[in-house]
Amino acid sequence: QVQLVESGGGLVQAGGSLRLSCAASGIIFSIHAMAWYRQAPGKQRELVAAITSGGSTNYADSVKGRFTISRDNAKKTAYLQMNSLKPEDTAVYHCNGKIPSTASDYWGQGTQVTVSS
């Protein structure tokens, strides 16, 4: 059974840090591109960061210089290190795994990140 499980969300003050984790099971993790998306109430879901199977990364302009995506293939886990958090980062963060140009596309249940001013 394919499963992506996020953890590490919580409540922090502006300027603080959190590290999100996405643990995968039931897939060949190393050949999947991994990504983090977020969605705030009343807003469209947006891509925050992505990392390919080869380690290339891409970030939304709003988080460049503050967030870092990484992966550990041995642990079958993707991470999102979030520094200098702002209230506008408040959202539910979802993990995604896919094999590019194929039907392999999986989502986690999400973890809440709340940043107070």
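**Close-up 1. The disulfide between C22 and C95****.**
C22 and C95 are joined by a disulfide with an S to S distance of 2.0 Å; the term covers a pair of cysteine sulfur atoms within 2.5 Å. It's the one disulfide the structure holds. The model is a predicted one, where local features need pLDDT of at least 70 and side-chain atom pairs count only at pLDDT 80 or more, while totals for chains, interfaces and linings use all residues. Numbering runs from 1 along each chain as its sequence is written, and side-chain values use heavy atoms, with hydrogens and water left out. The C22 and C95 link is left-handed, with -80° about the S-S bond. Strands here are DSSP runs of E, at least two residues long, numbered from the N terminus. C22 is buried at 0% relative accessible area, and C95 is buried too, with 0% relative accessibility. Buried means under 20% relative accessible area, exposed means over 50%, and partly exposed is in between (1.4 Å probe, protein chains only).

**Close-up 2. An open sheet of four strands****.**
Read across the sheet, the strand order is β1-β3-β8-β7, and the pairing is antiparallel. Two strands count as paired if DSSP finds at least two bridges between them. In general, sheet strands pair through backbone hydrogen bonds, parallel or antiparallel. β1 (3-7) and β7 (67-72) are the edge strands, each pairing on one side only. From one strand to the next, the twist averages 15°, with axes being lines fitted to C-alpha atoms and angles running from 0 to 180 degrees between N-to-C directions. Zoom in on β7 and β8 (residues 77-82), and you'll find six bridges in the antiparallel sense. For R71, the bridge partner in β8 is A78.

**Close-up 3. Y37 and W107 as an aromatic pair, with R45 over the face of Y37****.**
The structure holds one aromatic pair. Y37 and W107 form it with 4.9 Å centre to centre and 55° between the planes, which makes it tilted. For the cut-offs, rings of Phe, Tyr and Trp (its six-membered ring) pair if their centres lie within 6.5 Å; planes under 30 degrees apart are stacked, over 60 edge-to-face, and the rest tilted. Y37 belongs to strand β4 (residues 33-39) and W107 to strand β10 (residues 105-107), so this pair ties together parts 70 residues apart in sequence. Y37 is partly exposed at 21% relative accessibility, and W107 is partly exposed at 34%. R45 lies over the face of W107, 4.2 Å from the ring centre, and also over the face of Y37, at 5.9 Å. To count, CZ of Arg or NZ of Lys must be within 6 Å of the ring centre and within 35 degrees of the ring normal.

**Close-up 4. Salt bridges, including a network of R38, E46, R66 and D89****.**
How many salt bridges does a search of the whole structure find? There are four, each a side-chain nitrogen of Lys or Arg within 4 Å of a carboxyl oxygen of Asp or Glu. Among them, E46 and R38 have their closest N and O atoms 2.7 Å apart. E46 is partly exposed at 32% relative accessibility, whereas R38 is buried at 6%. D89 bridges to R66 at 2.8 Å between the closest N and O atoms. That pair links distant parts of the chain, with D89 in the loop between β8 and β9 and R66 in the loop between β6 (57-59) and β7, 23 residues apart. Both D89 and R66 are buried. K64 and D61 meet in a salt bridge too (3.1 Å, N to O), and D61 is exposed, with a relative accessible area of 63%.
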